[in-house]
Amino acid sequence: MYKFGIFEFFILITLILILPFWKIFTKAGFKPWWSLLMIIPILNIILIFYLAFKEWPITKQFTHVEESK
C-alpha cells in the first residue's frame with residue numbers, strides 16, 4: 001500500500017497555493033510565474049499586499065478603451 005509522505009504533502013500544498021494565484025495574476029495582467037513566489041514565507045505576504053494595492057495592467061487597458069470612445 002502506498003504511503004502519503006512528506007514530499008507528496010509538500011507538492012499538494014504547493015499546488016493548492018500556486019494554482020489560484022496563477023489564475024489571479026493572469027487575469028490581473030501580471031506575469032503568472034509570480035505565483036511561484038507564494039511558496040516563500042514572508043515574500044508571499046508582501047506579494048499579496050503588492051497585488052492588492054498596485055494598479056493592475058488589465059485596468060489600464062480598460063481605462064484606455066473607455067477614453068477612446
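**Ground rules**

Residue numbers start at 1 along each chain as its sequence is written. Since the model is predicted, local features need pLDDT of at least 70, side-chain atom pairs count only at pLDDT 80 or more, totals for chains, interfaces and linings use all residues, and side-chain values use heavy atoms, with hydrogens and water left out.

**Overall picture**

Helices here are DSSP runs of H or I with at least four residues, strands are runs of E with at least two, and both are numbered from the N terminus.

On confidence, pLDDT is the predictor's own score for each residue, from 0 to 100. The protein has a mean of 85, and 88% of its residues reach 70 or more. Helix α2 comes out highest with a mean of 93, while α3 (residues 57–67) is lowest at 72.

Buried residues make up 14% of the 69 residues; buried means under 20% relative accessible area, exposed means over 50%, and partly exposed is in between (1.4 Å probe, protein chains only). The protein exposes about 5900 Å², and carbon and sulfur atoms supply 76% of that. These areas come from the Shrake-Rupley method with a 1.4 Å probe, and for residues only the protein chains shown count as cover. As for contacts (heavy atoms within 4.5 Å), take those between residues at least 6 apart in sequence: 33% of them join residues at least 24 apart.

Thr14, Ile18, Phe21, Phe25 and Ala28 are the buried residues of α1. An α-helix has 3.6 residues a turn, so residues three or four places apart point the same way.

The largest nonpolar core is made of seven residues: Phe21, Phe25, Ala28, Phe30, Met38, Leu47 and Leu51. Both α1 and α2 supply at least two of this core's residues, and α1 has the largest share, with three. A nonpolar core is a set of buried Ala, Val, Leu, Ile, Met, Phe, Trp, Tyr and Cys residues joined through side-chain atoms within 4.5 Å. Not counting residues up to four places away in sequence, Met38 touches Leu17, Phe21, Asn44, Leu47 and Ile48.

| Residue | Relative accessibility | Class |
|---|---|---|
| Ser35 | 0% | buried |
| Gly29 | 38% | partly exposed |
| Ile42 | 59% | exposed |

Ser35 sits in the loop between α1 (6–28) and α2 (43–53). Beyond its neighbours within four places in sequence, Ser35 is in contact with Ile18, Phe21, Trp22 and Phe25. A polar atom of the Ser35 side chain also lies 2.7 Å from the backbone oxygen of Pro32.

Gly29 follows α1 and has a positive phi, near 95°. Its C-alpha atom is 6.4 Å from that of Trp56, 27 residues apart along the chain. Leaving out neighbours within four places, Gly29 is in contact with Pro57 and Ile58.

Ile42 is in this loop too. Its phi is positive, about 70°, although Ile42 is not a glycine.

How values were computed
A polar contact is a pair of N or O atoms within 3.5 Å; within protein, one must be able to donate a hydrogen and the other to accept it, and residues adjacent in sequence count only if both atoms are side-chain atoms.
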